[in-house]
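Please look through the structure below, with attention to one helix and to the pairing of charged side chains.

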Amino acid sequence: MPGTHGEHDATADPGFRPRIPAAEWDDWRWHMRKRVNTTEKARRWLRLTPDEEKAIADSAGRYRWSITPYYASLMDPDDPACPIRLQAVPAPGEFERFPGSDVDPVGDTYYRKTNRVVHKYPDRVILLVTEACPVYCRHCTRKFHTTDVTGTYFRDDEGGSFDEDLRYIADHPEIRDVLLTGGDPLSYQDGKLEEIVSGLRAIPSVEIIRIGSRFPVLLPQRITDGLCEMLARHHPVWLNTHFNHPKEITEESAAAVDRLLRHGVPVGNQTVLLRGINDDVATMRTLMTELLRIRVRPYYLYHCDNVTGVAHFMTSVEKGWEIMEGLQGHITGFGVPQYVLTTRIGKVPLARPYFTRTPDGLSLRNHRGEEMAVDTAAYPITERDAR
């Protein structure tokens, strides 16, 4: 938060990291202009390791990278295993080859209907409104779309016009739910974003508009009263964000969430299970309870996709089950996300069942491993049992 003398102290070591005037620190546009995107700039915030410096050099011409000063201020300058640092600083694993990895394992290109519209589910679509992000997360499922500097399957060939995309949505009245994603939609100025939102709101069949944005985590200063007032004019609008570690929950991010909620915008969270960042029960339990404290509803726990340049973050599914077992029954029920794997055929729940079929009914177990049996007379399994 801004200091009492009109300055933001970005570190406990002011001789190493910069002090920044509060007026600049509170301005999201300043952070966007001053993003860390060179080795020289990174050295003002971090003591880079040789591996990090090499990965930054190897990213040139292949993967974009940038870090907002705000997000850089959350990093441990001396610890390359810092969970914030691992999400934002290029690493050697991005250039390793892993079996089965693909630039688009979730099938965006397969279901793409226009330049921006991906129609994968019957009643909803995603709208890839931009390839720009404030921070290019190293684990991004659309890493090729957002960071490959030689080309992407998204092209702004129409000079910023969304006419074709809106026409497709209007021509398919079964579409009732549109998710704006990218890239990060909030990279746009409020005026441009409202053009898109109001264009969707003018389509009678569109009931819900959702925005997928990591700005509340990466640059919460972007969540201004002006932005929230604009979104409130087009309700129902929902926002899903992307906290991956308790360290990301700060006074600034909590205030950003509060502004959204006070303007009637519900906030959900989609965490990605990431090796070395949150792949243990204690970290994940703390993250979920802290999200509830700031009134963010845990929504999904994504198994990390086997994306080219991302696969080094993948854990085993068994690790995901272990974490879900450590959440279910140990924290309040609406704090437990749904564990899913995103595939070309859609999101597939990966929850391990708490029951098994028996000849007489069901064998149940709880979070402590205690078991009990119920028979079909008390709890019918099939419609025939119910008669």
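Predicted model: local features only at pLDDT ≥ 70, side-chain atom pairs only at ≥ 80, totals over all residues.

Residues are numbered from 1 along each chain as its sequence is written, and side-chain values use heavy atoms, with hydrogens and water left out.

Helices (H or I, at least four residues) and strands (E, at least two) are DSSP runs, numbered from the N terminus. Buried means under 20% relative accessible area, exposed over 50%, and partly exposed in between (1.4 Å probe, protein chains only). In helix 4 (residues 50–59), the buried residues are Glu52, Ala55, Ile56 and Ser59. They fall within an arc of 100° seen down the helix axis, so they line one face of helix 4; the arc is that of the directions from the helix axis to the C-beta atoms. Exposed Pro50, Lys54 and Ala57 sit on the face turned away from that buried side. After helix 4 comes Gly61, with a positive phi near 80°.

A salt bridge is a side-chain nitrogen of Lys or Arg within 4 Å of a carboxyl oxygen of Asp or Glu. By this rule there are 25 salt bridges. One of them joins Glu94 and Lys143 (3.2 Å, N to O). Glu94 lies in the loop between helix 6 and strand 3 and Lys143 in helix 7 (residues 143–147), so the pair ties together parts 49 residues apart in sequence. Both Glu94 and Lys143 are buried.

Arg97 is in the loop between helix 6 (83–88) and strand 3 (117–121). Arg97 counts as exposed because its relative accessibility is 82%.
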